[in-house]
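I am opening a notebook page on this protein.

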Amino acid sequence: MENNNSHEYGRKVMMKDVSLQELRERLAEFSRVRGWDQYHSPRNLLLALVGEVGELSEIFQWKGEVARGLPNWTSDDKEHLEEELSDVLLYLVQLADVCGLDLGQAALTKIVKNAKKYPVTKPTN
């Protein structure tokens, strides 16, 4: 289903190139209409994020090395992974928002810093 403006929750909405701004706006609305803003302090969001990272870790805990693309995973396993990754991303976006940070710009700045810190080296043969 292609719908870039749907605010329906509980159904999978297929979107292309979702921006962090779009996620931030949808999360803010989701929280506001439910009266949850009062609970979304930086500390509370960070603790929720850590909890979700723990749930994400559990998926991989006893699997050993996992091949790129998850070729041996069932569709249910992949869907579970999508859900946990999404939870982590959504809490991270909310945390940056309540802290007044531009997460996208911060990430781009960090990539530039990392490129300087870890320059490309040519292998010596």
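Predicted model: local features only at pLDDT ≥ 70, side-chain atom pairs only at ≥ 80, totals over all residues.

I take a residue as buried under 20% relative accessible area, exposed over 50% and partly exposed in between, using a 1.4 Å probe and protein chains only. On that basis I find that 16% of the 125 residues of the protein count as buried.

I number residues from 1 along each chain as its sequence is written, and side-chain values use heavy atoms, with hydrogens and water left out.

Entry: overall make-up. I assign elements as DSSP runs numbered from the N terminus, with helices as H or I of at least four residues and strands as E of at least two. The protein has 4 helices and 0 strands, and the order from the N terminus is α-α-α-α. I define contact as heavy atoms within 4.5 Å. Among contacts between residues at least 6 apart in sequence, 50% join residues at least 24 apart.

Entry: helix H1. I compute the expected span of a helix as 1.5 Å times one less than its number of residues. For the 15 residues of H1 (residues 20-34) this gives 21 Å, and the end C-alpha atoms are 21 Å apart, which agrees. Which residues of H1 are buried? I list Leu23, Arg26, Leu27 and Ser31. Seen down the axis of H1, these buried residues fall within an arc of 130 degrees, so they line one face of the helix; the arc is taken from the directions from the helix axis to the C-beta atoms. Arg32 and Val33 are exposed, on the face turned away from the buried side of H1. Glycine 35 follows H1 and has a positive phi, near 70 degrees.

Entry: helix H3. I count 24 residues in H3, and its first and last C-alpha atoms are 34 Å apart, close to the 34 Å expected at 1.5 Å a residue. Its buried residues are Leu81, Glu84, Val88, Val93, Gln94, Leu95 and Ala96. Their cover includes H1, helix H2 (42-60) and helix H4 (103-117). Just after H3, glycine 100 has a positive phi of about 75 degrees.

Entry: H1 against H3. Two packed helices are described by the angle between their axes and the distance between the axes. The axes of H1 and H3 come within 10 Å and cross at roughly 85 degrees. The two helices are therefore roughly perpendicular to each other, a term I use for 65 to 115 degrees. Leu20, Leu23, Arg24, Leu27 and Ser31 of H1 make the contact with Leu89, Leu90, Val93, Gln94 and Asp97 of H3.

Entry: tyrosine 91. This residue lies in H3 and is partly exposed, with a relative accessible area of 24%. Leaving aside neighbours within four places in sequence, I find tyrosine 91 in contact with Leu45, Ala48, Leu49 and Glu52.

Entry: leucine 70. Is leucine 70 buried or exposed? At 16% relative accessibility, leucine 70 counts as buried. I place leucine 70 in the loop between H2 and H3. Its phi is near 55 degrees, a positive value in a residue other than glycine.

How values were computed
Axes fitted to C-alpha atoms, helices over the stretch in contact; angles between N-to-C directions. Parallel < 35°, antiparallel > 145°, perpendicular 65-115°, else oblique.
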